[in-house]
Amino acid sequence: MPAQVDAPILAALGLDADSAKLVPHGGSGFASTFKLVATKDGEDVAYFVKTGTGADADVMFRGEHASLNAISDAVPNFCPRSHAHGALDSSPGTFFLATDFLDLGSSAPGGSGLSLAAKLAKLHTTPAPVPVGFERPVFGFPAATCCGATAQDNAWSESWADFYADRRLRAVLRAGVRSNGPDAELARAVDKVAAAVVPRLLGDGHLRGVVPVVVHGDLWSGNHGRGRIAGRGGAEEVVYDPSSVYGHSEYELGIMHMFGGFGGAFWREYEQLVPRAEPKDEFDDRVALYELYHHLNHFALFGGGYRGGAMSIMKKLISKYV
């Protein structure tokens, strides 16, 4: 049976309770997911709704709301727009996110025809907006985000090296300790990478030409597909479930290399559109350094063999740069 739609969702979307229905749709490891169907201004409309309980869900949905709209602002029709997030009236401590409905697998004609590489290149070459209190774009994001279930502090920083060392590597090590207990060997390696390898590879004045741009932040192949957004236009190359930050574009490539799924044609086109940062001969090591974060995060979330992957990357980087 379709579920009744909570009043805050109706109000946020401007829908009438008599026509709006929630139907379970898809799946998520961290939330309940639904398709919301309704009639608005005489037309059939559809939205995607997530719900979850507790403060963690509130943080997750705030971050996803900001991430989707930052991506959409930079590259229209690259992801669903988010319309609202907030608390439900009917279930205290439960929160929601309401976005455009994404019809994955659609083959509707009339899309832009832009490739994934072209859209990602546009995302990675669009300068970030200037945050309040600053005179130029800086690194960070206006909301905390979640990579999986790991909350990420995105407080603004004028140094990308400092941001990555402190708000990614050292922070995710703390998350791993909370999940798996103390690990002296892992902690020593992370500290050495954060203190010595990060400034060596990403330091201000060494890594040249880097400006803050919006990155998806969790772009493995499972967060990419083809689909029609909000029932308008045709099928497009799309991304979803972002964990964005205004950062170095190559940060995106770490998880893309970790899990693969993007073919040679994609990489050839992308690298023609987004040249490697200087020093180019350190590109592979930078990507490994960015991949390290995701091994550490997966270890924090799932334990197991991801520790070994993280240690392998760190040992290679430490032997080369420390």
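Author: Start with Glu271 and Arg276, whose side chains meet in a salt bridge at 3.4 Å, N to O. The term means a side-chain nitrogen of Lys or Arg within 4 Å of a carboxyl oxygen of Asp or Glu. This is a predicted model: local features need pLDDT of at least 70, side-chain atom pairs count only at pLDDT 80 or more, and totals for chains, interfaces and linings use all residues. Residues are numbered from 1 along each chain as its sequence is written, and side-chain values use heavy atoms, with hydrogens and water left out.

Glu271 is partly exposed at 31% relative accessible area. Arg276 is partly exposed too, at 32%. Here buried means under 20% relative accessible area, exposed over 50%, and partly exposed in between (1.4 Å probe, protein chains only).

Next, Lys50 and Glu64. Their closest N and O atoms are 3.0 Å apart, in a salt bridge. Lys50 sits in strand β3 (residues 43–53) and Glu64 in helix α2 (residues 54–74), so the pair ties together parts 14 residues apart in sequence. Helices (H or I, at least four residues) and strands (E, at least two) are DSSP runs, numbered from the N terminus. Lys50 is buried at 8%. Glu64 is buried at 8%. Salt bridges also link Lys50, Glu64 and Asp241 in a network.

Then Arg136 and Glu158, which form a salt bridge at 2.6 Å, N to O. Arg136 lies in the loop between α3 (116–123) and β7 (145–147), and Glu158 in the loop between β8 (150–152) and α4 (160–180), so this pair ties together parts 22 residues apart in sequence. Arg136 is partly exposed, at 48%.

The total by this rule is 15 salt bridges.
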